[in-house]
Amino acid sequence: MRSRITRRAAAKLGLAPLFVPAAALGLNGSTPASDRIALGFVGVGQRGVNNMRSFLAEPGCQVAAACDVDQNHLAGARDTANTHNGNKDCRTYHEMEEVFARSDIDAIVMSLPDHWHGIASVQALQAGKDVFGEKPLSHNWAEARAIADAVARYGRVWQTGSWQRSHASFRFACELVRNGRIGKVTRVEVGLPGGHEDFDGLGHRNLPEKPPRELDYNRWLGPAPFAPYAPARVHRTWRWNFDYGGGMLLDWVGHHVDIAHWGLGMDDSGPEEVSATGEFSTQNPIWNTPVAFRVEARYPGGAEVLISGGHDDIRLGAKFIGEEGWIWVDRAGLEAEPKSLLQSKIRGGETRLYYSPGHFRNFLDCVKTRRAPVAAAETALRSATPAYLGLISILTGRTIRWDPKKEKIVGDAVAERFLSRPMRSPWRL
Amino acid sequence: MRKAGLFLPLILALSVQAADPKLDAALAGVVKYDYDQNRQPLFDVEELVRTLPAAEVELQLAAFLKSDANLAAKDFVCRQLSLIGSEAAVPVLESMLASADTVEMARYALERIPGSAPLDALRNGLDKAPADAKPGIVNTLGVRRDTKAVAALEKLASSSDAVLVGSAAAALGRIASPEAVAALGALRDKGVSAALEASVIAAENLARDGNRAEALKLFETLNASSSLAVTRIGALRGLATLSGEKAAPQLVAAMSDSDTQVQAAAIQFLQTVPGPAITSTMIEQLPKLSAPGRVRLVTALALRGDRSAVPAVRAALNDSAPEVRVAATEALAIAGDSGSVVTLAEIAASSSSDEAQRDAARIALDRMQGEDVDRAIVSAIGPAVEGVKIELVRAAGERGIVEASDVLLSEVRSPQRGVRSAAFRALRETAGEAQVPALLELLLATKSAAERRDSERALSAALSRSPAGRSADVVAAYQAADTAAVRVSLLQVMGQSGTAEVLPLLRTTLSAEDPELVRAAILGLTEWPNDEPLQELLAFAGKVENPTHQILALRGALKLLEHPTDRPHGESVDVLAAVMQLAQQPDEKKAVLAQLPSYPTREALKIAEGAVSEPAVAEEAKMAVRRLQRSVR
């Protein structure tokens with residue numbers, strides 16, 4: 001007698017996928033569970049769980065897996081998914097490679113520290129997964145370029161977490177700028193936060209400690225150079241150390257500088273010259289990124305972009321200044337001079353920018369249509385480049401000349417060395 | 001915590017010729033540095049490394065590495081060498097490759113130091129290095145594209161250590177010299193799967209190095225021989241990039257591949273190959289694909305930017321699969337033209353279309369580019385039936401088609417209520433000076449309160465787009481009006497239009513006897529486009545006896561306060577203090593407390609603290625106090 005094995009039982013035995021990937025079936029937004037886009041979440045700390053909740057609010061997808069090197073994070077994410085789904089289908093993993101190997105998962109939602117972006121993303125793309133990845137695209141220029149190349153090479157769909165591009169007011173502001181409503185743009189002032197925010201009040205625990213049992217610290221470090229564990233080094237505040245992040249500048253470049261690029265039409269270009277200064281604090285032995293910074297970037301066509309963080313003179317957001325007026329846009333709203341600009345409409349013969357109905361929805365739709373999402377990898381690479389170059393300028397104390405076509409630093413072999421970083425053995429891209 | 005042995009400061013200075021004394025002193029401060037210590041000594045060294053001649057600095061740093069400084073200190077110094085080091089620093093770094101404690105920090109520096117000496121050192125160090133560190137050295141040789149390492153890498157790629165095999169194959173792919181490409185071919189023949197992915201990278205690097213013919217040959221081999229989807233996709237992409245139209249046969253063949261990922265990738269890559277012949281080929285494939293395949297192909301056709309694809313996309317609006325119909329509708333937002341206008345409006349209006357397709361049709365109508373699309377919308381409005389007409393009128397408003405204004409004016413007289421309402425809404429976005437007389441006439445003539453409100457909004461918008469002085473007609477009409485309802489409506493128009501000539505009339509109406517007119521004047525001033533009437537409303541709130549009018553005036557003042565301004569924080573806080581004092585109801589006090597943190601001053605904090613004891617607003621007050629304490633501090 002032949003025994004009957006259900007699909008779920010087969011999956012448990014490793015014989016069959018738990019979900020039928022949406023890529024193999026007919027696709028639409030309101031279909032049975034087996035027809036939804038199956039998502040694997042890699043990195044499920046605070047940002048990862050927030051992303052999970054945002055996806056769960058969208059029809060047509062389901063959480064098939066959660067992965068983290070911190071067991072506490074993992075348990076919280078699994079509970080979030082299973083409570084929402086009303087079942088226990090969300091499987092948990094310690095190593096992302098196991099998630100990537102699942103043939104029943106369509107896409108990966110990646111919310112990892114910056115120093116992991118390059119390796120994890122390239123591996124996921126190579127495994128045939130589409131990826132929603134957090135901004136900035138990666139820790140440094142070379143790894144970001146590797147991600148953008150892998151997206152193109154494997155024909156995958158990539159959405160960066162630069163969600164402001166899916167917000168009507170940011171799109172409208174950029175459309176006004178692109179259609180010449182403020183005349184020729186001479187300058188964009190981008191205001192970012194400064195300082196080292198102590199999110200969880202653990203900044204004072206900056207002396208070496210034994211890693212907690214729930215955290216696989218060696219794996220957390222991954223490609224970063226060895227350094228002993230301390231709570232201030234890891235979750236959330238990792239971004240204040242150069243081995244894992246790049247301070248507020250790199251943390252926010254994917255938002256307001258990204259909008260500056262969108263408005264200037266620089267999604268396939270970049271600055272030609274970057275000069276930056278930074279202020280550092282020695283208070284915390286781990287947090288070594290600048291607490292205040294000012295980056296001046298000159299773009300083809302003559303526009304200047306001033307990126308300021310930790311200073312009061314530049315307001316948060318992006319302010320486009322043209323020869324005939326200005327437009328300021330932030331999450332708080334839009335302002336313009338003349339004010340009548342805000343009442344104007346984009347006409348039929350004018351440039352329209354990419355319409356995204358919502359950042360998470362846009363990604364899911366593109367997984368089905370294979371169109372590049374609104375914050376594609378190549379775009380995110382270009383948006384992050386002023387920060388990569390700005391940090392190099394701060395660290396070398398020199399003005400960096402950049403060829404945006406060839407994507408090369410011009411005439412400065414020392415500065416060029418900062419575009420990439422060696423990785424701890426055995427990690428590689 | 002890892003620490004090394006004793007500190008021997010003098011050795012450093014003595015071992016270096018022409019040592020810079022400042023750097024020597026700074027380095028002495030770093031010798032006992034560990035991960036838990038203040039970074040100031042590191043900053044001091046970094047500053048000197050940035051400013052002193054690199055050659056001199058390098059020798060001192062290299063000498064430091066021979067000392068028994070802490071490992072954290074040596075790690076820091078290796079990072080400095082990785083930035084300014086030259087071949088002179090290589091011997092000491094090479095000597096560190098044999099130790100588990102120092103191999104990684106030394107390799108980081110060697111990876112970044114230019115020239116052939118670091119590569120020789122890494123190759124020499126490979127055998128001596130601890131096992132865990134070997135993949136790292138192999139990776140670095142790959143990053144540096146060391147052609148002399150090919151033989152050693154080929155050997156490692158055939159070993160039994162899976163990690164080393166992966167690293168070595170990847171390194172060969174990066175190097176992509178003729179020998180490396182041959183080695184990868186041999187590895188593929190032996191069934192080393194890591195060689196497949198590495199070969200795709202090698203082909204890309206060959207192309208990047210200018211060796212297009214070899215690159216093409218390798219891509220073709222990989223496409224023809226590999227059963228791995230990821231390898232075939234990489235190869236197909238390479239063929240599409242390098243050969244363009246000539247790659248069409250392979251790409252078209254891949255559209256029927258049994259692997260859906262290969263199929264999807266082939267469509268995506270074909271999209272980037274220009275030319276109407278490719279468009280035709282793609283269109284021919286459309287009926288042969290499954291519904292998900294048709295979704296992808298319809299989208300790809302739209303993204304090609306080839307107008308000859310538009311009819312096929314339009315035809316897909318009637319596809320049997322609903323997801324294809326939605327995809328085709330969405331695709332028209334990108335590629336649609338004037339010929340798509342009526343069809344889209346019909347879809348948007350049709351109760352038989354599903355909701356997703358109706359939404360997509362509206363978005364396409366709003367966002368299709370081209371002035372001819374605007375003209376098509378305007379000319380289609382007149383003959384359209386009710387539902388379709390409403391969609392076209394809505395689109396005319398969303399697109400701000402000024403040229404549609406006269407057509408819209410005729411539609412506000414439509415016998416169908418839905419059309420009239422849509423036309424009024426659209427006129428708010430399009431009407432200008434030319435439409436002011438007609439809209440004023442409509443407002444004065446209508447007996448319906450709802451339509452008066454509609455025409456009031458459209459007239460306000462038209463006035464706001466008109467030159468100064470155009471509101472004189474409205475003021476004259478107000479003075480001639482014989483019903484309170486019309487006067488109230490005209491006062492609203494004046495407020496919303498925000499033209500200077502109506503402000504005196506709104507101000508004087510605050511003292512009118514008819515409470516409805518006073519109410520309308522308050523609301524008119526509240527709608528003012530800047531904060532000019534703020535003090536007027538505040539003063540009025542201070543003396544008016546009618547409690548409803550006072551509440552409206554206070555709310556108006558709070559609204560005007562939110563307009564962008566150069567007003568100093570202190571003055572804004574004075575306004576909020578006055579509103580707080582006059583407010584009788586918790587709602588207005590809560591609104592004050594919500595605004596206070598926008599003006600972080602001690603006075604603002606004092607106002608918030610004063611409200612903590614009022615039970616009805618205590619929670620909001622505490623929140624404001626917390627926010628203000630953070631920013632005032």
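Reader: How many residues does the contact take from chain B and from chain A?
Author: This is a predicted model. In it, chain B gives 66 residues to the contact and chain A gives 45 residues.

Reader: Which helix gives the largest share of the side of chain B that touches chain A?
Author: Helix 17 of chain B, residues 260-271, with seven residues.

Reader: And how do the residues on that side of chain B divide?
Author: Into 32 nonpolar, 18 charged and 16 polar.

Reader: Stay on helix 17 of chain B. At what angle do its axis and that of helix 19 of chain B cross?
Author: Roughly 10°, and the axes come within 9 Å. An angle under 35 degrees counts as roughly parallel, so helix 17 of chain B is roughly parallel to helix 19 of chain B.

Reader: Which residues meet there?
Author: From helix 17 of chain B, they include Ala264(B), Ile267(B) and Leu270(B). Among those in helix 19 of chain B are Arg296(B), Leu297(B) and Ala300(B). The residues of this contact divide into six nonpolar, four polar and one charged.

Reader: New topic. Val49(B): buried or exposed?
Author: Buried, because 21 other C-beta atoms lie within 10 Å and the cut-off is 20 or more. Val49(B) sits in helix 3 of chain B, residues 40-51.

Reader: What is Val49(B) in contact with, leaving aside neighbours within four places in sequence?
Author: Val57(B), Gln80(B) and Ile84(B).

Reader: Last one. What covers the buried residues of helix 24 of chain B?
Author: The cover includes helix 22, helix 25 and helix 26 of chain B. Among the buried residues of helix 24 of chain B are Val373(B), Asp374(B) and Ile377(B).

Definitions and conventions
Residues are numbered from 1 along each chain as its sequence is written. Chains are lettered from A and ligands numbered from 1 in the order in which they are written. This is a predicted model: local features need pLDDT of at least 70, side-chain atom pairs count only at pLDDT 80 or more; totals for chains, interfaces and linings use all residues. Two residues are in contact if their C-beta atoms, placed from the backbone, lie within 7 Å. Helices (H or I, at least four residues) and strands (E, at least two) are DSSP runs, numbered from the N terminus. Ala, Val, Leu, Ile, Met, Phe, Trp, Tyr, Cys and Pro count as nonpolar, Asp, Glu, Lys and Arg as charged, and the others, Gly among them, as polar. Axes are lines fitted to C-alpha atoms, for helices over the stretch in contact, and angles run from 0 to 180 degrees between N-to-C directions. Angles under 35 degrees count as roughly parallel, over 145 as roughly antiparallel, 65 to 115 as roughly perpendicular and the rest as oblique. A residue is buried if 20 or more other C-beta atoms lie within 10 Å of its own, exposed if 12 or fewer, and partly exposed in between; C-beta atoms are placed from the backbone.
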